[in-house]
Structures are given as structure tokens and as C-alpha cells.
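User: I would like to learn how to read a protein model. Please take me through it feature by feature.

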Amino acid sequence: MNAAHSKRAPLALSDYLADLAVEALIDEADLSPKPGLVDRRGSGAHSDLHLGLMHASAMSLWPCFKAMAEAALAEGCVSQSLRDTLGRIGREGEQEMLRVTGGVNTHRGAIWALGLLCAGAALDRRELGAAPVATRAAQIALLTDSALPASAVSHGTEVCRRYGVRGAREQAQLAFPAVLQHALPQLSRSRAASTGEQNARLDALLAIMSQLADTCVLYRAGLQGLRCMQAGARAVLDAGGVASLAGRRRLRGLEHDMLRLRASPGGAADLLAAALFLDRLQHGLPAQIGSH
Ligand SMILES: CC(C)(COP(=O)(O)OP(=O)(O)OC[C@H]1O[C@@H](n2cnc3c(N)ncnc32)[C@H](O)[C@@H]1O)[C@@H](O)C(=O)NCCC(=O)NCCS
Ligand SMILES: Nc1ncnc2c1ncn2[C@@H]1O[C@H](COP(=O)(O)OP(=O)(O)OP(=O)(O)O)[C@@H](O)[C@H]1O
């Protein structure tokens, strides 16, 4: 629990959810050693990102996550108007992120995933298990954002067209299977094996990487890069995970390959943050959360 939360002052649910979302992003960025991604050691496969920028970007998104949770609390149920409001807040959040980072995409996918999960959590505070929250987030993601320009082009849309994958949208619309079926179970298994929290989180990231069609990797390194990521991540887990000597050695090999291919699993990183958010949330709300 945050030091700030241990005091008895009442805390709005939306503030708490925004705290958790930002904390999940900072924990994801700090987690090291991550193959290809920004971490405490350096910029991975990126030339325009570094850890300070990831932190500044994460903190700039607090009002965006709070506003998404508040919108869901105000609306009270999944609806087209909630979808449209979240789309507007998400785009404003992206603008703020780009202002803070000088135009660099630090957290686009994370705004999408964590924004939907903040809203999904706020819709029913009595049901904060990972599955019900992800299901409500999926119900929102299945609605079309009325204000999204039909012509909106992104790296994701380009790659989805070229390779026939459906990327970040589909992951949310299916209630985050990479998180529910891979990351969270792996996190529990590795924690139960007493590998240490950082190693358990790295194993959870690898569990996502071993099966995700990550459009960041596809964009930069094509199908060869995607296959290399998935097989390499699987090999680390099969060797015993990152806490084992054999697993660490495989992880170094995977990192070497990903840097050579300039491949960075940004989508997997976002989904690890989503897993950390849901993991914290399902342990229950602090006592001082008020009714609004
Ligand atoms: C759906 C989004 C992510 C756009 O997706 P698109 O694929 O077109 O864009 P882009 O190339 O920028 O990729 C988005 C990011 O998703 C992450 N990602 C990549 N692959 C995956 C995957 N398989 N699963 C999950 N996330 C992934 C990466 O971090 C990537 O950078 C979203 O940004 C969007 O629609 N924004 C509009 C505003 C909005 O509706 N906001 C809603 C807030 S709840
Ligand atoms: N620790 C991290 N390191 C790097 N990327 C991350 C990290 N955590 C999350 N991401 C995600 O990765 C995405 C950034 O990927 P990328 O740099 O490929 O985006 P891009 O600007 O669209 O592409 P490119 O840099 O190839 O032109 C962001 O959307 C962000 O959510």
C-alpha cells in the first residue's frame, strides 16, 4: 500500500485507481533486465526513449486515468456515451503524453489498456477480481468510438493490415487473454516457487511475449522478429525461468537477438503493466476509500 494511503484521510476510488495505474507503469519501466525494452540499464532497442522519459510520461497520465475512472463512475454502466467519453479522454491523454515527451510515443498502448481497466474497475467496486474487471473493460472496447477518424493510420493499423493480426484492440476486446491466461498465472507460479518478486514479474513478461502478436515487434522486425521473440521467451521459461542459471543464459541470448533485430516488445510491456494493475487491485481496496 502507498505511504499516502496508510493515513486515514478518505480517498476517492478514482484517485486510487489512477495511483495504481501509474504505479504499474513505473514498476514495468523499472523492471530489469527486460529484452529490447527501456529499463534501469538503458534504452533497449529504442533511440528516442529513456527511463526518465518513461517516468515523466507515466506521471503525466495520472489525470487521464482518474478522469476515465470518474467517467465510468458517473455513467454507472457500459454504454456508447461512456465509450465516446473514454475515447475523448484517451486522445487528450495521448496529447499530454506527447507534450511531456516532446512528441515521443512512450505509452500509447498503455493508455488504451490501463484506461479501459480503470473504467472497468470503477463500474463495479464490489467485483474487483481480474476476470470481472477485464470483462467490463472488454465490453467497453467492443463498442466503436464514434469520434475516431475512419482514416486514422498508425503503426498498429499498418501492421494489422499487412500481417492479418488485430493488435491492441483485439486484446482488449477479448478481455486481455495475455494477462488473464498467461501473465497472472505465471506470476503466481513464479511467486510460489520463491523466485523473488522481480524475477516473477520478468517471468510474467516472458509468458506474454511467448504468445503475443505484438504489433510493435511486427512493425520493426516483421514475422522473423515476432517468431524470434515468441520462441526465445518460451525457451527461457522452459529452461526454468529467469531465476535459474539456464533461464538467465537464455534471456541474455534473447536480448542479444532482439537488439540485433531492433525489436522491442512494447505491447507485451503494456500488458505486463495491466497484469500488475489487476494483481494489486484484486487484493482489495484500502479501508479509507470513500463511496465516490
Ligand atoms: C487502440 C489504440 C491502442 C490504437 O491502436 P493502434 O494499433 O492503431 O495503434 P499503435 O500502433 O499506436 O499501437 C498501439 C500500442 O498497443 C500496444 N500493443 C501492440 N501490440 C499489442 C497487442 N497484441 N496487444 C496489446 N497491446 C499491443 C503497443 O504498445 C502499441 O504501441 C488506442 O490508442 C486508440 O484507439 N486510441 C484512440 C483513443 C481511444 O479510444 N482511447 C480509449 C481510451 S480507453
Ligand atoms: N519499458 C518500455 N520500453 C519501451 N516501450 C514500452 C515500454 N513500456 C511500454 N512500452 C510501449 O511501447 C510503445 C512504444 O513502442 P514504439 O517505440 O515501437 O512506438 P512507435 O513510436 O509507434 O514506433 P517506432 O519507435 O518504431 O517508430 C508504447 O506504446 C508503449 O506503451
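Analyst: Start with the shell around ligand 2: α2 (13-30), α6 (108-122), α12 (215-238) and α14 (266-281) each supply at least two of its residues. Helices (H or I, at least four residues) and strands (E, at least two) are DSSP runs, numbered from the N terminus. This is a predicted model, in which local features need pLDDT of at least 70 and side-chain atom pairs count only at pLDDT 80 or more, while totals for chains, interfaces and linings use all residues. Residues are numbered from 1 along each chain as its sequence is written, and chains are lettered from A and ligands numbered from 1 in the order in which they are written.

User: Which residues come nearest to ligand 2?

Analyst: A residue is near a molecule if its C-beta atom, placed from the backbone, lies within 6 Å of it. Here 21 residues are around ligand 2, and Leu37, Val38, Asn105, Gly266 and Ala269 come nearest.

User: How many residues of each class does the shell around ligand 2 have?

Analyst: Ala, Val, Leu, Ile, Met, Phe, Trp, Tyr, Cys and Pro count as nonpolar, Asp, Glu, Lys and Arg as charged, and the others, Gly among them, as polar. The shell has 9 nonpolar, 8 polar and 4 charged residues.

User: How many helices and strands are there in the chain?

Analyst: The chain has 14 helices and 0 strands.

User: What radius of gyration does the chain have?

Analyst: The radius of gyration is taken over C-alpha atoms, and the globule rule is 2.2 Å times the number of residues to the power 0.38. For 292 residues a compact globule would have a value near 19 Å; the chain has 18 Å, which agrees.

User: Why does phenylalanine 176 count as buried?

Analyst: A residue is buried if 20 or more other C-beta atoms lie within 10 Å of its own, exposed if 12 or fewer, and partly exposed in between, with C-beta atoms placed from the backbone. Phenylalanine 176 counts as buried because it has 29 C-beta neighbours inside 10 Å. Alanine 175, with 22 such neighbours, also counts as buried.
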